[in-house]
Amino acid sequence: MTNKPIDPPVIVFSVKVYQVLLAAYPAKFRQKYGPHMYQVFRDCCLRAFRQSGTIGVLNLWALTLFDFLGSLIEEYLQKETFMTKSKFIHMSGWSLMLGAVTFFVSTLSALVESNFYDPFMRLNVFVFYNTRLVLALWISTILLAVGGLGLRARYGEQVGSSGKSFLLIGAIAGPAIGLLGVIGALAKVIMWAEFLLYLGNMVLLAYLTIFGISVLRVKPLPRWNGLPFIAGLWFPVLLPSIMIANANGVPGNLTLNVAKGTLLLQSIALFILGYLLQANVPEEAPAIA
Amino acid sequence: MSDTLQNPEEFLPLTPAVFNILLALADSEKHGYGIMLEVEANTDGQVLMGPGTLYGSIKRMLKAGLIEESNERADPEMDDQRRKYYRLTDLGRSILHMEAERLASQVMIAKAKNVLGSYLSGST
């Protein structure tokens, strides 16, 4: 009789963590494929450890986390008991419209109520510890991220894998950064925590801009193919510009007015994009991607 | 029940993941980890699939009728019975053939335009 070889601790720990992550998948998918995914991940861990030791397992985790997030979203998007792809696209259009309104109202409130645009002058620049405002900013990020996923589901195949990937990264990274800001702001534990709330939307909208470049090239929208580019561009460009302008002595009122006007234009663009998305839902088709 | 389309051409072009899974199953049935290893080897490590992408694709390919589960084992005593094996269906094989033809025609165009030749000569 031979003893079963004992796995190294890093592998034992890794497969346990992966087993916990599997719980995030939709129940039907998890029940059918979870044990096989667990087995494959363990095989991959053993091979990575044999080839490169603990560093190999860490490298494997980098790939696995990206794979986990991407496939998790994909499974929820295609989870038929939850909703069809067409229903999701329709819903995401409304989410984008609502997100545009929330984004406008919450960011404008923050602009007016705080002196955030002057970060280089004082340390206590992010002075609004207003719970409702913090949450509203983060909710706007989530609504816009759902809208981004809807754009990905609707036009991703036409714009290609890079455009799809950028939207996915933005939709994951934006709310995640914003969440750090919410936790930091509410717990008052992270200096500049509120900036992370803006940064979440900046990252999300920057990726929308990059997606918009692909849209300009392929032109999959029924009209106004420049809209995703315009809808994404301004906030990521404007916010740092205003910070720098204020740091260099440009009057605060001037930059605030420019910010208000640009924010309004961007929000209108996001709203129209959401309207086009919910109104332009395709016939249901089987997806094998 | 599968969601097989009336016209197989509607599946084209395939995503890299689906094409590489079909290609890995072209010569023999394999389990998930076997598919993953073959895809990695066939693409010189350029296409790396994690378990989520692999089984997400397998789920959708089963549903579309491109592959099916197999209960056969070449040598059951040599293998883990918990593993599930997959093989191509006739539809899957036909779509793989069509996609390979499509890609080959793209390569022919690249050759005709000296894109491939100039790249190869530039790289040597």
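Q: Which residues does Phe211(A) touch, not counting residues up to four places away in sequence?
A: Good place to begin, and please keep in mind that this is a predicted model. Phe211(A) touches Leu151(A), Val159(A), Gly163(A), Phe166(A), Leu167(A) and Pro228(A), leaving out residues up to four places away in sequence.

Q: How should I think about the nonpolar core that Phe211(A) belongs to?
A: The general idea is that in soluble globular proteins, nonpolar side chains tend to be buried together. Here the largest nonpolar core has 58 residues, and Phe211(A) is among those that touch the most other members, along with Leu197(A), Met202(A), Leu204(A), Tyr207(A) and Leu270(A). Two or more residues each come from helix 3 (85-113), helix 4, helix 5 (161-187), helix 6 (193-218), helix 7 (227-247) and helix 8 (252-279) of chain A. Helix 6 of chain A gives the most, with 15 residues. There is also a second, separate core of 38 residues, which includes Ala48(A), Leu60(A), Val18(B) and Leu54(B).

Q: How many residues does each chain bring to the contact between chain A and chain B?
A: Chain A brings 21 residues and chain B brings 24 residues. On the chain A side, twelve are nonpolar, five are polar and four are charged.

Q: Which order do the elements of chain B follow from the N terminus on?
A: They run α-β-α-α-β-β-α-α, with five helices and three strands in chain B. Of its 124 residues, 28% count as buried. Among contacts in chain B between residues at least 6 apart in sequence, 59% join residues at least 24 apart.

Q: What is the strand order in the sheet of chain B?
A: The three strands form an open sheet with the order 1-3-2 and antiparallel pairing. Strand 1 and strand 2 (67-70) of chain B are the edge strands, each pairing on one side only. Strand 2 and strand 3 of chain B are joined over four bridges in the antiparallel sense. For one position to look up, find Glu69(B), which stands opposite Tyr86(B) in strand 3 of chain B.

Q: At what angle do helix 1 and helix 2 of chain B pack?
A: Two packed helices are described by the angle between their axes and the distance between the axes. Helix 1 (residues 16-24) and helix 2 (residues 32-42) of chain B pack at about 105 degrees, with their axes 9 Å apart. That is why helix 1 and helix 2 of chain B are described as roughly perpendicular to each other.

Q: Which residues of helix 1 of chain B are buried?
A: They are Ala17(B), Val18(B), Asn20(B), Ile21(B), Leu22(B) and Ala24(B). Their cover includes strand 1 (30-31), helix 2, helix 3 (51-64), strand 3 (85-88) and helix 4 (90-112) of chain B.

Q: Why does Leu135(A) count as partly exposed?
A: Leu135(A) counts as partly exposed because it has 15 C-beta neighbours inside 10 Å. Leu135(A) sits in helix 4 (residues 131-159) of chain A. Its C-alpha atom is 9.3 Å from that of Leu179(A), 44 residues apart along the chain.

Definitions and conventions. Residues are numbered from 1 along each chain as its sequence is written. Chains are lettered from A and ligands numbered from 1 in the order in which they are written. This is a predicted model: local features need pLDDT of at least 70, side-chain atom pairs count only at pLDDT 80 or more; totals for chains, interfaces and linings use all residues. A residue is buried if 20 or more other C-beta atoms lie within 10 Å of its own, exposed if 12 or fewer, and partly exposed in between; C-beta atoms are placed from the backbone. Two residues are in contact if their C-beta atoms, placed from the backbone, lie within 7 Å. Ala, Val, Leu, Ile, Met, Phe, Trp, Tyr, Cys and Pro count as nonpolar, Asp, Glu, Lys and Arg as charged, and the others, Gly among them, as polar. Axes are lines fitted to C-alpha atoms, for helices over the stretch in contact, and angles run from 0 to 180 degrees between N-to-C directions. Angles under 35 degrees count as roughly parallel, over 145 as roughly antiparallel, 65 to 115 as roughly perpendicular and the rest as oblique. Two strands pair if DSSP finds at least two bridges between them. A nonpolar core is a set of buried Ala, Val, Leu, Ile, Met, Phe, Trp, Tyr and Cys residues joined through C-beta atoms within 7 Å.
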